[in-house]
Amino acid sequence: MVRITEQLIRKKSEHNELIIGTLEELSLHQEDIERIEHIGHWCRDLKILLLQSNLIPKLENLNRLKKLEYLNVAINNIERIENLEALEALRKLDLTLNFIGELTSVESLQGNYCLRELFLTGNPCTDFPGYREYVITALPQLEQLDGQEITRSDRLRAGRNFSSLREQIVQHEALYKIERDEQRVRVQQTIAEQEESVRDLPDDDERKTNEFWQQKSEHCPETRIQMAKFSRRGKQHAARDVDQPDEQKRKRRLFAECGRPYSLNEPRLSFEFRDEPDRFELDLHLYKYLDTSLVDVDAQPNYVRVTVKGKVFQLALKHDIQTDRSTCQRSQTTGHMLVTMPKLHPERIIKPTTGKQTVSAPGVKTVSRSRNDTDLTGTVNIRNICNSTSNTKPSPINEEDEVPDLI
């Protein structure tokens, strides 16, 4: 059973800054509400109250709404008009598609002098012969009935035989009441048999729901309650099916079992990654109009993670970085974000040197040498020497050719 709570009313009063004491309009339609309560105590300044498409069986607890001008309780389970005498400012009452079979109950509205519009379309009482003439005569303050204007000639014709017309209405009400009692017993028995046949099936079994929707049913309040019950159950199953993929996404794996970070790109963003000798640079192509508050950057020694609207972009790094010196900047023109991460151990660059070199090693005699000196130790075979600038093979040397003396 869905009840009217303070939290529900505040949720519907966003246009009034969540203040319910001065609320003038309240819409609680399609909430499966089964009883009207608390509204008269919390929202006494209401002028418009919308309660259509619920499961309300009775009009009650509205006598404190002295300023209410429009009440809409269409598509509910109301069977009688009552408890509305205290609504002094009521001008429009909508009871469309209810189960009002007691037409004489409209006489309870004779004291609502401001009432100008009444809607009873879709109720069983509208099938009674002389329905419109009876309502026009019983409520002389009305200007429109079921959306049709009431003219002076309509009122004169309706008032001619009102006494006999009322007797006929009372007879039709009695017949309808007998039929309604029989229908109530019959439907309750059918519902009990259906619940017995599917009692052993789990609530989420599709056969249990399909069997209900495929069978024929009578138009009555009990059937409408059962329809709301199965509709609510179907919505719960659908929401559960939608939540399952989300749960799987939340169980994403960001690290291997050994602790190594994975590289992943859930938001599917374009990026550029540069590996410089002394730093890493990540140029992430964020959306231009994305609010920066929706982006979270986390730089760790061996990975960098950027969370964009709950989706993770993570990149594993092959060298450790200095997290305290890492910076993050975003362009106001393109929206791109640049993350600069200095390396913990920058790569050493070996530059060529001139002059003398001293090479030493344990157990080895230190030798001083100049790059301009020529080491002639050993034998040099000049036959294997060729011109480095030429791609042709060296020509063989004849014994008659002169060999330059290098000593």
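**Exercise 1. Find which side chain makes a polar contact with the side chain of Arg-279, then describe the surroundings of Arg-279.**

Step 1. The side chain of Arg-279 makes a polar contact with that of Asp-278, at 3.1 Å. A polar contact is a pair of N or O atoms within 3.5 Å; within protein, one must be able to donate a hydrogen and the other to accept it, and residues adjacent in sequence count only if both atoms are side-chain atoms. The model is predicted, so local features need pLDDT of at least 70 and side-chain atom pairs count only at pLDDT 80 or more, while totals for chains, interfaces and linings use all residues. Residues are numbered from 1 along each chain as its sequence is written, and side-chain values use heavy atoms, with hydrogens and water left out.

Step 2. Arg-279 belongs to strand E10, residues 279-284 (helices, H or I, of at least four residues and strands, E, of at least two are DSSP runs, numbered from the N terminus).

Step 3. Arg-279 counts as partly exposed because its relative accessibility is 27% (buried means under 20% relative accessible area, exposed over 50%, partly exposed in between, with a 1.4 Å probe and protein chains only).

Step 4. Neighbours within four places in sequence aside, Arg-279 is in contact with Arg-274, Thr-340, Met-341, Pro-342 and Lys-343 (contact: heavy atoms within 4.5 Å).

**Exercise 2. Determine where Thr-104 is placed and whether Thr-104 is buried or exposed.**

Step 1. Thr-104 sits in the loop between strand E4 (92-94) and strand E5 (117-119).

Step 2. Its relative accessible area is 14%, so Thr-104 is buried.

Step 3. Apart from neighbours within four places in sequence, the contacts of Thr-104 are Tyr-134, Arg-166, Ile-169, Val-170 and Glu-173.

**Exercise 3. Identify which residues of the largest nonpolar core touch the most other members.**

Step 1. The core has 50 residues, of which Leu-49, Leu-71, Leu-95 and Leu-118 touch the most other members. A nonpolar core is a set of buried Ala, Val, Leu, Ile, Met, Phe, Trp, Tyr and Cys residues joined through side-chain atoms within 4.5 Å.

Step 2. Helix H1 (6-11), helix H3 (131-138) and helix H5 (162-197) are the elements giving two or more residues to this core. H3 supplies the largest share, five residues.

Step 3. A second, separate core of 18 residues includes Leu-290, Val-304, Ile-321 and Val-339.

**Exercise 4. State how many disulfides a search of the whole structure finds.**

Step 1. The search finds zero disulfides (a disulfide is a pair of cysteine sulfur atoms within 2.5 Å).

Step 2. Cys-220 counts as buried because its relative accessibility is 1%, whereas Cys-328, at 39%, counts as partly exposed.
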